[in-house]
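Student: I'm new to this one. Could you walk me through how to read it?
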Amino acid sequence: MIDKEEEKKTAENKSDNIKAVKEGKRPTSTLDMLRQSVSEEDDVPISSLTLKTILGGDILTSTIISRQAGVILLGVVFVIIYVAFRYQCQRDIITINKMETTLKDAKYKALSSSSTLTERCRESHVLEQLRDNKDSLLKASDQPPYIINVPEK
């Protein structure tokens with residue numbers, strides 16, 4: 001950091017160099033000229049934060065903002081990433097809900113088909129269909145089934 005005395009000397013040299021350049025003379029030294037042109041300090045520091053300085057854009061030239069430009073940029077990148085992930089998450093949730101609805105519909109359809117098949121395969125229903133269909137040679141047996149025992153060797 002530059003001491004206050006050095007700042008005063010630098011400011012005096014700058015004003016002397018500016019006067020010399022305006023008069024057409026050569027500045028006192030090239031180092032002073034380089035310091036004058038490469039100065040990172042603001043000429044007029046912002047004393048207070050007002051709506052006029054914000055809307056006018058003067059706040060962007062203040063040293064606080066210029067020093068923190070990297071942090072501000074990093075924050076903006078993180079906000080953009082956060083918003084993008086949130087939208088992606090919402091799209092995934094919508095897709096999952098649609099798939100769950102489709103799955104429920106498929107389960108209900110499978111359950112309905114299974115119950116219809118079970119109903120049609122019952123013995124009473126099969127016998128009723130055989131009686132209704134006069135062309136069939138199949139008839140229900142009058143004798144009960146009996147067990148045939150096969151001896152093991």
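Student: How many helices and strands does the protein have?

Tutor: Helices (H or I, at least four residues) and strands (E, at least two) are DSSP runs, numbered from the N terminus. Here there are six helices and zero strands, so along the sequence you read α-α-α-α-α-α. Keep in mind that this is a predicted model, where local features need pLDDT of at least 70, side-chain atom pairs count only at pLDDT 80 or more, and totals for chains, interfaces and linings use all residues. Residues are numbered from 1 along each chain as its sequence is written, and side-chain values use heavy atoms, with hydrogens and water left out.

Student: What share of the residues counts as buried?

Tutor: Buried means under 20% relative accessible area, exposed over 50%, and partly exposed in between (1.4 Å probe, protein chains only). Of the 153 residues in this protein, 4% are buried.

Student: At what angle do H5 and H6 pack?

Tutor: For angles, axes are lines fitted to C-alpha atoms, for helices over the stretch in contact, and the angle between N-to-C directions runs from 0 to 180 degrees. Helix H5 (residues 69–121) and helix H6 (residues 123–132) pack at about 60 degrees, with their axes 5 Å apart. That makes H5 oblique to H6; under 35 degrees counts as roughly parallel, over 145 as roughly antiparallel, 65 to 115 as roughly perpendicular, and the rest as oblique.

Student: Which residues make that contact?

Tutor: Contact means heavy atoms within 4.5 Å. H5 brings Glu119, Arg120 and Cys121, while H6 brings Glu123, His125 and Val126. Take arginine 120, in helix H5: leaving out residues up to four places away in sequence, arginine 120 touches His125 and Val126. Arginine 120 is also exposed, at 57% relative accessible area.

Student: How many disulfides does a search of the whole structure find?

Tutor: A disulfide is a covalent bond between the sulfur atoms of two cysteines. The test is a pair of cysteine sulfur atoms within 2.5 Å, and the search finds zero. Cysteine 89 is partly exposed at 45% relative accessibility, and cysteine 121 is exposed at 54%.
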